[in-house]
Amino acid sequence: MVPTKFPVLPYGGDYNPDQWPEDIWHEDMRLFREAGINTLTLPVFAWARIQPAPDVFDFEWLDRILGLIHENGLKVCLSTPTVAQPAWMARMHPEMMPVDEHGRRRNHGKRVNFCPNSPIYRHHAAIITEKMAGRYGDHPALMLWHVANEYGTWCFCDTCAAAFREWLKARYGTIEALNRHWNLSFWGHLVSDWEDVVPPSELNDDNKWYPAKMLDYQRFMTDASIGCFENEAAILRRVTPNIPVTTNISGLIHRLDQFRFAPHVDIIAWDNYPHPTDPPAKVALKHDLMRGLRDGQSFLMIESTPSQQNWQPYNVLKQPGLLRLLGYQALAHGADGVMYFQMRASVGGVEKFHGAVIGHSGTADTRVFRECAAIGRELEAIGVRFQGARTSSRVAVIFDWDSWWGTALSSGPSRDLEYFAQVQKWYTALHGAHHSVDIVRHDADLSGYDLVVAPLLYLLHPGDAARLEMFVSCGGTLVVTTFSGMVDENDNVGTGGYPAELRHLLGLWVEEFDALLPGQKNRMLLSQARSVEALPGNGMTACDCGLLCGLVRPTDAEPAARYGEGFYAGTPCLTRNEYGQGTAWYVATDPEDAFVSEFLQARCREAGILPVLEAPAAVEVTRRETGDRQFTFLLNHAQTTHTLDLAASFPPKAFTTGRLWPDNLPLPRTLTLPPLGVAILETETDNVKEA
Ligand code: GLA
Ligand code: ZN
């Protein structure tokens, strides 16, 4: 892997000069310089322009624009244009077009519209990549390769069906093993020949009725996209071994297992398009997930909109200051760059009303341009001082795509059981208390953490249970929430009582799960624990719970709360099990947010885990560290002003030598954060007290 040290803090984004006459390019350069833009991503959608016919290549316009960009001192995130193939390719090779879940072969159009397993698509993608690498590999503006754009096409064509069979053979070896692992005795689905295996689609409804098959198809489709990426990345790495290679992850990331994808890129890059009503913690969680994809390595926010989107039902403007706040939020969680889609607004096409640095007026005299330029100047001043800086956390939340897919595919017990929402709920409680959190994969090394939360970890891979047992027996605190550990990696339920593989660690088994009706609640009666230390919350005596109620049969675990209502009133809904040197909690139901917050803060206190900094609830706090420096980010998400006593938060030496960014001033004793205000406190690592 190539170390991703950039000469600048990348600020810029998608630029489509192929949509504009060349005289506009010169104006663009002037405006980019004025806005502090230093990095441009191109030519993402220009394959048809570069290769108008199979044997015709026109790179001259690209040579000219890349030359101009370099003359103006900007860097390039050079994309292979392979996300949108030229029309001639689809005409000449209709078999490269994807077949949808209804069995329909698609026409040419749109983008990401090819069969990811198509040999002819990959053949042509390799040719254009080889040419791009050969022509621009030594270009002085080249900083980063960007392969295609937002992978995620699925296909159900015969090529994919054949490739799926090969994938299954490699995974299971024999038909007998496949029958067993997919439990194909159910509804008499046993197969006797590999040819009998067809992709799960709307043609057979196996996409709904056979979760094990669908799970494997999702894994297989992730691997198909990785195959497309590697087809090009291998060429780029051969020709330009010192240039990092990435691809951008769509913000709607359910489709592809990004933990599977992550080892293939040199740096994670993702597109951040929050819904206007998304709480800051949801965006924070996604950033932390991106940082977690490569074990804490910093990443790029490679797209975001400078003002509004076009594809929401209602495309709200970002109020003044929000763009800046969201940019700094990315940096606060581990981003090394802030980038936009797009530089200049298109005049035609579906995205013509999507936000851009340069709007349709074409001038610098707009609110959005002025805000972008102000941010550009600030980031220029900050420079690369925290590039690559890492975040150290004593708390981890496990995130697992298979559990996400598995719960979405599960028929029962409740349609309202949503994986991402559950992770968000438990993460939000920690985030709101200003704790630094790492989002980690299911098989992460947990030894560096004191508290691990496993929300709705529905599916366990081989070895997961043993890893969790090891973590707790060495002194860790583990919180496992309802409906975790229900199935193995092929979606088969473990027998002998739920959650089969975690029974021992949790000291219990669950007999049944009751799904509550919409709006229906039960009560959690707290303070039922035998010892004071075992009290779950912070003086709370009861709270609501809903969604699911697991009916727990403790074996070794101590009940810490009991249900207040229904035929199972009085039975445990929260348990605590001492295991080795540590403690494993089981939350059998879905408690109200206030409890989750109290409960996790109590666990942090017990484990001696301190918040990054004491701050008002609306002020988000994170910290990144690099060598001897640490950077504490303060982000005021409120519409009101907040003040913080910095002198009291840092030891005298760190306080007096610290700097306040982006203004590059000494640290003030009292920091005033206006609505949507941001501050970065740079201090010496050694001299900073823990909170
Ligand atoms: C995605 C794509 C971009 C653009 C934006 C618009 O992130 O990668 O090409 O379409 O959405 O929001
Ligand atoms: Zn296909």
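The model is predicted, with local features requiring pLDDT of at least 70 and side-chain atom pairs pLDDT 80 or more, while totals for chains, interfaces and linings use all residues. Residues are numbered from 1 along each chain as its sequence is written, chains are lettered from A and ligands numbered from 1 in the order in which they are written, and side-chain values use heavy atoms, without hydrogens and water.

The protein contains 20 helices and 27 strands. Both are DSSP runs numbered from the N terminus: helices are H or I runs of at least four residues, and strands are E runs of at least two. The C-alpha atoms fill a box of roughly 75 × 75 × 45 Å along the principal axes. The radius of gyration is 26 Å, which agrees with the value near 26 Å for a compact globule of 691 residues. This radius is taken over C-alpha atoms, and the globule rule is 2.2 Å times the number of residues to the power 0.38. Of the 691 residues, 60% count as buried. Buried means under 20% relative accessible area, exposed means over 50%, and partly exposed lies in between (1.4 Å probe, protein chains only). Contacts (heavy atoms within 4.5 Å) were also counted. Among those with a separation of 6 or more, 75% involve residues 24 or more positions apart.

Ile50 illustrates the interior. This residue sits in helix H2 (residues 47-50). Ile50 is buried, at 0% relative accessibility. Leaving aside residues up to four places away in sequence, Ile50 touches a set of residues including Phe57, Trp61, Leu62, Ile128 and Met132. Ile50 and Ile128 are 78 residues apart in sequence, yet their C-alpha atoms are 8.9 Å apart in space.

The ideal angle for four tetrahedral donors is 109.5 degrees. Cys155 is buried at 0% relative accessible area, and Cys157 is buried at 3%.

No disulfides were found: the count is zero. A disulfide is a pair of cysteine sulfur atoms within 2.5 Å. Cys474 is in no disulfide, and the nearest cysteine sulfur, that of Cys604, is 20 Å away. Cys474 is exposed, at 58% relative accessibility.

The whole structure holds 39 salt bridges. A salt bridge is a side-chain nitrogen of Lys or Arg within 4 Å of a carboxyl oxygen of Asp or Glu. Arg111 pairs with Glu351, with the closest N and O atoms 3.9 Å apart. Arg111 lies in the loop between helices H4 and H5 and Glu351 in the loop between strand E9 and helix H13, so the pair ties together parts 240 residues apart in sequence. Arg111 is partly exposed, at 28% relative accessibility.

Asp266 and Arg237 form another salt bridge, with a closest N to O distance of 3.4 Å. This pair links the loop between helix H10 and strand E7 to helix H9, 29 residues apart. Asp266 is buried at 1%, whereas Arg237 is partly exposed at 23%. Glu378 and Arg324 also pair, at 3.0 Å between the closest N and O atoms. Glu378 lies in helix H13 and Arg324 in helix H12, 54 residues apart. Glu378 is buried at 17%, and Arg324 is partly exposed at 22%. Salt bridges with shared partners also join Arg171, Asp216, Arg219, Asp402 and Glu489 into one network.

Backbone geometry came last. Most residues other than glycine have a negative phi, and most peptide bonds are trans. The bond from Phe341 to Gln342 is cis, with omega near 15°. Another cis bond joins Trp661 and Pro662, with omega about 10°. Asn183 has a positive phi near 50° and is partly exposed, at 39% relative accessibility. Asp295 has a positive phi of about 50° and is exposed, at 59%.
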